[in-house]
Amino acid sequence: MIFDLSKTQSIANTFIAELRDENIQKDSMRFRKNMERVGEFFAYEISKSLKYTSTEITTPLGLSTCEVLTEQPVLATILRAGLPLQQGLLNIFDKAPCCFISAYRKVKKSGDFIIQMDYVSTPDLEGRVLIMADPMLATGQSMVMCCKELINRYKIAELHIVAAIASTEGVTHVRANLPKAKLWLGAIDEEMTSKSYIVPGLGDAGDLAYGEKV
């Protein structure tokens, strides 16, 4: 299942446009905020697919029967670029436990790269709904590696993958390797550069959010 936010008319697309805009990107605080807002929109959309329990609530004037979320999902992200997107999800799923994974492209002298994963900090995922957030789904290699690491450790009930921008190649790779995952994407771009950056994309999300790395 793929949900493409760009296919629906909503204010969320304005925030996606600002994330892409090279002039607005110069304000790193606004870039982080826009990424956070996108995360909030995805949290709302994902929430429609989760399980709810009918609960009786006492108000100052009586009783009301309300549908409340049965269990909070676990919110995972890939450091460092995924933090603002995860924060947006956390603003909505505000009691959710969180998982953090450190993974990055380790570039060889030839210019090729491998995905290096150094760190995983996670709560118990057994039988839980997991939402994995990363702003860019380029080749899809890091997303697949991180998700499979968690799937190998735990029997996860549902896997949702959230990305602000994805490439067609990345979507294909994820669907081939994680066929049960539900994808929630802000937009899907057709091209990538020789260094596997999405075109038109938005650039390096981590650098835009937190400053250029050395």
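**Pockets and cysteines in a predicted model**

Colleague: Why is C66 called partly exposed?

Modeller: C66 has a relative accessible area of 26%. Buried means under 20%, exposed over 50%, and partly exposed in between (1.4 Å probe, protein chains only), so C66 is partly exposed. C98, with 22%, is likewise partly exposed. This is a predicted model, in which local features need pLDDT of at least 70, side-chain atom pairs count only at pLDDT 80 or more, and totals for chains, interfaces and linings use all residues. Residues are numbered from 1 along each chain as its sequence is written, and side-chain values use heavy atoms, with hydrogens and water left out.

Colleague: What makes up the lining of the largest pocket, by class?

Modeller: The lining has 16 nonpolar, ten polar and seven charged residues. Ala, Val, Leu, Ile, Met, Phe, Trp, Tyr, Cys and Pro count as nonpolar, Asp, Glu, Lys and Arg as charged, and the others, Gly among them, as polar. Y104, R105, Y197, D204 and K213 lie nearest the centre of this pocket. A lining residue has an atom within 4 Å of a point of the pocket, which is an open set on a 1 Å grid over the protein atoms alone, where a 1.4 Å probe fits, with protein on both sides within 12 Å along at least five of seven lines.
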